[in-house]
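Hello,

Here is the structure I promised to pass on. Please open it next to this email and follow along.

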Amino acid sequence: MGERLAIRWLVGLTTTILMAGCAAGAIPPAVSVAPGPVVTPSAVVATLLPSPFVAPSPATAAPTPASASSDCVVATLAGKPGDAAGAVDGTGAEARFSAEMQYIVIDSHGDMFVTDTADHVIRKVTPGGVVTTFAGKVGEPGSVDGAGAAARFNRPNGIAIDASDTLYVAGNEDDAVRKITPDGTVTTLATKLGISPSGIALDAAGNVYTGGWVGNVLLKIAPDGTVTEVAGKRGSPGTTDGKGDAARFQWLIGVTSDAQGVLWVEDLAPDLSDLAVRRVTPDGTVTTLKGDWGPHGPPGIMWVDPSGELYGTSYPGHTVMKIAPDGTVTLLAGKLGEAGSADGPGDVARFAGPIGMLRDASGLFYIVDSDNHTIRTMRCP
């Protein structure tokens with residue numbers, strides 16, 4: 001049980017910045033790399049953490065818990081708070097999700113796709129709250145290609161989507177990146193990556209970028225499945241800023257690209273003592289974004305708008321926030337350290353372990369409220 005809690009806390013700290021469209025950027029020269037041995041997240045956590053696991057505080061000195069003072073309004077779209085009955089299809093409160101649902105993307109029709117990790121399936125959610133199982137079979141882990149329910153996933157985690165509505169899924173336990181066409185046909189793009197991939201992103205040329213809980217490298221996967229390293233050095237952990245393989249990463253558990261071709265990485269220390277947001281420019285220069293996370297909780301899943309402002313969730317803090325390019329943080333909804341499932345204005349709303357988030361073309365945010373097993377919406381002026 002301690003290991004499972006540790007994994008959920010780690011996943012809640014990962015970053016997937018979801019973009020409406022990503023411009024291709026010049027990536028530094030890539031060097032081909034042979035994949036290393038597969039090390040699953042479960043194995044890594046088991047060697048590092050005691051049982052039962054107690055998550056560390058978001059800050060060394062206890063911050064004053066912050067309540068949101070924004071004009072955002074939160075509502076529940078699908079699922080029933082506290083009821084993790086598994087992958088039950090239905091509308092609104094009739095639908096059920098597993099105890100571990102994580103990332104979310106939106107297609108050109110406004111339909112959303114969620115990685116329902118513990119159920120080993122991909123769920124589809126319409127803007128009206130109708131939930132169906134899109135690919136995989138509930139409770140049957142594996143790594144089998146096929147159409148719809150004939151396919152198998154093993155703890156699907158990160159998810160990204162391209163302009164043709166093709167999905168790309170990072171599988172932690174099968175150490176692979178899978179591809180799902182709009183009709184639900186699943187194929188394997190690359191496997192035996194040696195990183196236990198978590199976050200995943202695309203550029204306009206169709207290249208996939210992913211990092212994981214092991215490996216210390218940011219990988220690029222070409223459309224033909226060729227895998228190369230673009231930043232960091234395999235087997236050389238660290239926090240050094242720099243260019244290309246001179247930079248150092250720890251656990252690259254979240255990665256994405258923005259409209260300018262900049263890659264964003266969520267970098268977590270294996271002992272959970274440090275969480276950093278790293279920025280990788282098109283020329284391969286890695287820098288660290290400094291932010292005052294204390295009063296708001298450490299940021300997790302993020303969405304970035306064209307102006308460069310980040311919107312993030314904090315799984316351990318139960319909050320949703322906005323992060324300016326200079327690192328200034330504004331709390332939008334929830335209260336630090338106070339879990340719950342209340343709809344309403346930002347200062348009244350409560351979350352329990354929010355993870356994935358995105359914003360649609362109308363400005364409406366969708367948030368995966370993982371420990372409540374629900375999909376929430378948030379409208380801000």
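Below are the notes on what was found in it.

First, the ground rules. This is a predicted model, in which local features need pLDDT of at least 70, side-chain atom pairs count only at pLDDT 80 or more, and totals for chains, interfaces and linings use all residues. Residues are numbered from 1 along each chain as its sequence is written, and side-chain values use heavy atoms, with hydrogens and water left out.

**The whole chain**

The chain has two helices and 29 strands. Both are DSSP runs, numbered from the N terminus: helices are H or I with at least four residues, strands are E with at least two. Of the 381 residues, 59% are buried. Buried means under 20% relative accessible area, exposed over 50%, and partly exposed in between (1.4 Å probe, protein chains only).

**Around β24**

Look at strand β24, residues 319-323. Four of its five residues are buried. Two strands pair if DSSP finds at least two bridges between them. β23 (residues 310-314) runs antiparallel to β24, and five bridges join them. Ser314 has Thr319 in β24 as its bridge partner. Four residues lie between the strands of this hairpin, and His318 has a positive phi near 65°.

Next comes β25, residues 329-334, which is also antiparallel to β24, over five bridges. Met321 stands opposite Leu331 in β25. The hairpin of β24 and β25 has five residues between the strands; there, Gly327 takes a positive phi near 95°.

**The five-stranded sheet**

Which order do the strands take in the open sheet of five? The order is β26-β2-β29-β28-β27, with antiparallel pairing. β26 (344-345) and β27 (354-359) stand at the edges with a single partner strand each, so one side of each has no neighbour in the sheet. β27 pairs with β28 (residues 364-369) over four antiparallel bridges. Leu358 has Tyr366 in β28 as its bridge partner.

Is Asn207 buried or exposed? Asn207 counts as buried, because its relative accessibility is 11%. Asn207 sits in the loop between β13 (197-202) and β14 (208-212). Not counting residues up to four places away in sequence, Asn207 touches Ala201, Leu202, Lys220, Ile221, Ala222 and Pro223. Contact means heavy atoms within 4.5 Å.

Best wishes
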